[in-house]
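Q: I'm new to this one and would like to learn how to read it. Can we go through it feature by feature?

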Amino acid sequence: PGLDACASGRVSVEPAPNTAAAIRAVLETSDPLGGTPTATAIQEAGDWLSESNSTGSNYILLATDGGPGCNSGMDPNTCECIPGATCAGMLGMGWQNYLDSVRTANAVLVQRERGIKTFVVGLPGSEVVTDLLDTMAVAGGTAVNGQHYAVTSEADLIEALGSASGSTIPCDFPMETVPTDLSTLEVTLDGQSVSRDETHTSGWDVVDGRFRLYGSTCTEMRNGQPHELHVQFDCD
């Protein structure tokens, strides 16, 4: 314990395909030090993404089993302890467990304003700060019906990750060339024909030079599974 327990961490494995084994190796050889520096970790992650992928789409996935702490600037006379944690009798280090709600939610909002959305996953143990995690999900632009992803099992976690990753898939694409007659467009999703729907209830349409998917068609694209979308037409 000590200041190292509140270090914001570092990027151990850079985002890339086929890194599961490397990530697992880091997790299996790393021991948590007790602190939960969520606010500074969000800031560090946002800075790294902004510098490493300045022109791309960036997202942060925050998975936590409790409330954020590690704010040494909080007033011990007015602060709230993380539910279930100990703040008194820690030899001057009780601030590690002061509930750092405002600064953490603001850190998520700052990243959103930088164009970086944050997905919030509450693991078992985080039930004591459900409202805060919901607030963070809203600030991060990823809330589902105003809530974060709360999981209680491995199956829940797999579903949450699939939903989160699927929601990053676009349903709106720019078209370099728009045919005069849209009836010439042939659209298939996973080999199945998709019809144009000018009511924008489902299917596809072209609006302001952009090809867009609607309703259940867009939902299917975003279900976390791999898909093949083909759009073709005769340029002549």
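Q: Let's take the link of Cys-6 and Cys-70: is it left-handed or right-handed?
A: Look at the angle about the S-S bond. Here the model, which is a predicted one, gives -75°, and the link of Cys-6 and Cys-70 is left-handed. The two sulfurs sit 2.0 Å from each other, and a disulfide calls for a pair of cysteine sulfur atoms within 2.5 Å.

Q: Are Cys-81 and Cys-87 buried or partly exposed?
A: Here you need the cut-off: buried means under 20% relative accessible area. Cys-87 comes in at 17%, so Cys-87 counts as buried. Cys-81 has 25%, so Cys-81 is partly exposed.

Q: And where are the two ends of the link between Cys-171 and Cys-218?
A: This disulfide, 2.0 Å from S to S, is right-handed, with 95° about the S-S bond. It links distant parts of the chain: Cys-171 sits in the loop between helix H5 (154-166) and strand E4 (172-174), and Cys-218 belongs to helix H6 (residues 215-221), 47 residues apart. Cys-171 and Cys-218 are both buried.

Q: What is the pairing if I number the bonded cysteines in sequence order?
A: You get 1-2, 3-4, 5-6. Cys-79 is in no disulfide; the nearest cysteine sulfur belongs to Cys-87, 6.1 Å away.

Q: Now the sheet. In what order do its strands come?
A: The general idea is that strands of a sheet pair through backbone hydrogen bonds, either parallel or antiparallel. In this model three strands form an open sheet, ordered E1-E2-E3, and the pairing is parallel. E1 and strand E3 (149-150) are at the edges with a single partner strand each, so one side of each has no neighbour in the sheet. E2 and E3 are joined by two bridges, and Val-121 stands opposite Tyr-149 in E3.

Q: What do the buried residues of helix H4 pack against?
A: First pick out who is buried. In H4 (residues 130-139) those are Leu-132, Leu-133, Asp-134, Met-136, Ala-137 and Ala-139. The buried residues of H4 pack against helix H2 (38-52), E1, H3 and strand E2 (116-122). After H4 comes Gly-141, with a positive phi near 75°.

Q: Last one: what lines the largest cavity?
A: Rolling a probe the size of a water molecule over the atoms shows where empty space is left. The structure holds one cavity of 30 Å³ or more, and the space in the largest cavity is about 30 Å³. Its lining is made of Thr-38, Leu-62, Thr-64, Gly-66, Gly-67, Pro-68, Leu-133 and Met-136. E1 and H4 each supply at least two residues of this lining. By type, the lining divides into four nonpolar, four polar and no charged residues.

Notes: Residues are numbered from 1 along each chain as its sequence is written. This is a predicted model: local features need pLDDT of at least 70, side-chain atom pairs count only at pLDDT 80 or more; totals for chains, interfaces and linings use all residues. Side-chain values use heavy atoms; hydrogens and water are left out. Buried means under 20% relative accessible area, exposed over 50%, partly exposed in between (1.4 Å probe, protein chains only). Helices (H or I, at least four residues) and strands (E, at least two) are DSSP runs, numbered from the N terminus. Contact means heavy atoms within 4.5 Å. On a 1 Å grid over the protein atoms alone, a cavity is a set of points where a 1.4 Å probe fits but cannot get out, and a pocket is an open set with protein on both sides within 12 Å along at least five of seven lines; lining residues have an atom within 4 Å of a point. Grid points are joined across faces, edges and corners, and a volume is the space filled by probe spheres set on the points. Ala, Val, Leu, Ile, Met, Phe, Trp, Tyr, Cys and Pro count as nonpolar, Asp, Glu, Lys and Arg as charged, and the others, Gly among them, as polar. Two strands pair if DSSP finds at least two bridges between them.
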